[in-house]
Amino acid sequence: MYTVRLCFYGELNDFIVPERRRTQYERRFPQVRSLKDLIESEGVPHPEIDRILVNGKPQMLDALVVDGDCICVYPSEHPVDFAVESHLGRPTLPTPQFMADVHLGKLARRLRLLGLDCEYDNLDLTDERLAEISHGENRVLLTRDRGLLKRRMVVHGIYIRADEPEAQVFEILERIDLYRVIRPFTRCLKCNGCLALISREEATSRVPPATWLNMETFHHCPDCRRVYWQGAHWDMLNAFVERVKARLACTSV
Ligand SMILES: [Zn+2]
């Protein structure tokens, strides 16, 4: 029988049962297991962890637990800089790019509106496929599914706590330093492609006649061919962008 003491810090306490939050507690189990397995059995997905100290010394997720260990588990300090090597040996991401799970389409659309690279597919992608894409394309997996985040293949991931899409965007912006990479109105909201300017002549047959007469500037997505202009929805979209900029200006000082 193994007996260890565990303590979770900061927001990692969101994942564990109330009586074990912010306190050191004892766990007993019969078989040898890794730190990843033990920590995730308490409810904490491994991508949410920044650092593990066992008896005061740093350890990796795959290290085996030893009887009598005292295990302290820490979240990342915010904002996370994925360009810096992590304590747990995760590869760096010079420019964060994202993969939203199938339930986060509204969040994906808003991240694209800010010019952030966010793949999303509302087809019925399995958890396995989402983990594969996140891993294969070095994308930060965004999900509200703890089981998905616990998959070994997922390297970078964020458990989304907020319910509303705009609050979810602010949650991500507070967790990751994204100010330098935000480029509003540069990505296709439908397919994540990068928008390109087209001439009015090119737009002639691709937009309603009244729109063509009233608008000077058109962009299109080379991938899905959708055409964009500052139409009726633009004020609403821009208001969102301005709220984000104001928030970032406050948090970046
Ligand atoms: Zn597109």
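The exercises below work through a predicted model of a protein, each with a stepwise solution.

Local features are taken where pLDDT is at least 70 and side-chain atom pairs count only at pLDDT 80 or more, while totals for chains, interfaces and linings use all residues. Residues are numbered from 1 along each chain as its sequence is written.

**Exercise 1. Overall description**

Task: State the secondary structure content, the extent of the C-alpha atoms and the buried share.

Solution. 
- Step 1. Helices (H or I, at least four residues) and strands (E, at least two) are DSSP runs, numbered from the N terminus. The protein has eight helices and twelve strands.
- Step 2. Along the principal axes, the C-alpha atoms fill a box of roughly 75 × 40 × 30 Å.
- Step 3. A residue is buried if 20 or more other C-beta atoms lie within 10 Å of its own, exposed if 12 or fewer, and partly exposed in between, with C-beta atoms placed from the backbone. Of the 253 residues, 28% are buried.

**Exercise 2. Strand β5**

Task: Determine which strands pair with β5, and which of its side chains are buried.

Solution. 
- Step 1. Two strands pair if DSSP finds at least two bridges between them. Strand β1 (residues 2-8) runs parallel to β5, with four bridges joining them; R5 stands opposite C70.
- Step 2. Strand β3 (residues 49-54) is antiparallel to β5 over five bridges, and I52 stands opposite V73.

**Exercise 3. Helix α3**

Task: Locate the buried face of α3 and list the elements it packs against.

Solution. 
- Step 1. In α3 (residues 127-136) the buried residues are L130, A131 and S134.
- Step 2. Viewed down the helix axis, these fall within an arc of 100 degrees (taken from the directions from the axis to the C-beta atoms), so they line one face of α3.
- Step 3. In general, an α-helix has 3.6 residues a turn, so residues three or four places apart point the same way.
- Step 4. The face turned away carries the exposed residues E128 and G136.
- Step 5. Contact requires C-beta atoms, placed from the backbone, within 7 Å. The buried residues of α3 pack against β6 (98-100), β8 (140-143), α4 (146-149) and β9 (157-159).
- Step 6. Just after α3, N138 has a positive phi of about 50 degrees.

**Exercise 4. Nonpolar cores**

Task: Describe the largest nonpolar core and the contacts of L111.

Solution. 
- Step 1. A nonpolar core is a set of buried Ala, Val, Leu, Ile, Met, Phe, Trp, Tyr and Cys residues joined through C-beta atoms within 7 Å. The largest has 32 residues, and F98, A100, L111 and L142 have the most contacts inside it.
- Step 2. β6, α2, α3, β8, α4, β9 and α5 (165-175) each supply at least two residues of this core. Helix α2 gives the largest share, four residues.
- Step 3. Neighbours within four places in sequence aside, L111 is in contact with F98, L116, C118 and V169.
- Step 4. Another core, of 13 residues, lies apart from this one and includes L6, F8, L38 and V44.

Technical notes:
Two residues are in contact if their C-beta atoms, placed from the backbone, lie within 7 Å.
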